[in-house]
Amino acid sequence: MSTILAFDFGLNHIGVATGNTTTKTCSPQKSISAKDGIPDAQALDQLVRDWLPAVFVVGLPLNMDGTEQEMTFKARKFGNRLKEKYKKELVFIDERLTSASAKEEIFERGGFRALAKDKGAIDSLSAVTILEQYFSEHA
């Protein structure tokens, strides 16, 4: 059994989800705050210490036609820094529509107020969707 940490990269919040390679289950975790895409280093270190992941999965924000954008390059940079710092395997996953899916789920749970209340929760649910995509592609 291995643990996977998945990330939905953002400039202000980085959504986090954990997954188990045996059961293929995913759980949202508390998002990490970021400034201009640079994560809170202590929070990130603590997350890695707590979960001891074997693999990092990072959502890759692409345009709907599959082309790259500025956020694609920033997400790649974030992922490559994770790989370099923690010496773990890194996989990028196409994340088109994951935020829309997460917003829809939160809206179903509590309406517009739930959406406005916790942006970090949206990011972490997006990370769950990214991780589910990883499991479907790497069965």
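1. A starting definition for a new reader: two strands pair if DSSP finds at least two bridges between them. Helices (H or I, at least four residues) and strands (E, at least two) are DSSP runs, numbered from the N terminus.

2. A word on the source: this is a predicted model, in which local features need pLDDT of at least 70, side-chain atom pairs count only at pLDDT 80 or more, and totals for chains, interfaces and linings use all residues. Residues are numbered from 1 along each chain as its sequence is written, and side-chain values use heavy atoms, with hydrogens and water left out.

3. Now the overall layout. The protein holds four helices and six strands, and from the N terminus on the elements follow the order β-β-β-β-α-β-α-β-α-α. Of its 139 residues, 43% count as buried (buried means under 20% relative accessible area, exposed over 50%, partly exposed in between, with a 1.4 Å probe and protein chains only). Taking contacts with a separation of 6 or more, 61% join residues 24 or more positions apart (contact means heavy atoms within 4.5 Å).

4. S1 (residues 3–8) and S2 (residues 13–20) are antiparallel and share six bridges; Asp8 has Gly15 in S2 as its bridge partner. S2 and S3 are also antiparallel, over seven bridges, and Ile14 stands opposite Ile32 in S3. Four residues lie between S2 and S3 in their hairpin, where Lys24 in the turn has a positive phi of about 60°.

5. The pairing of S3 and S4 is antiparallel over two bridges, with Pro39 in S4 as the bridge partner of Ala34. Their hairpin has two residues between the strands, and Asp36 takes a positive phi near 55°.

6. Two residues are worth a look. His13, in strand S2, is partly exposed, with a relative accessible area of 28%. His13 and Asp123 are 110 residues apart in sequence, yet 7.1 Å apart in space, C-alpha to C-alpha.

7. Finally, the second largest pocket. On a 1 Å grid over the protein atoms alone, a pocket is an open set of points where a 1.4 Å probe fits, with protein on both sides within 12 Å along at least five of seven lines; lining residues have an atom within 4 Å of a point. Of the 13 residues lining this pocket, Gly37, Ile38, Pro39, Phe78 and Arg81 are the closest to its centre. H2 gives the largest share of the lining, six residues, while S4, H1 and H2 each supply at least two.
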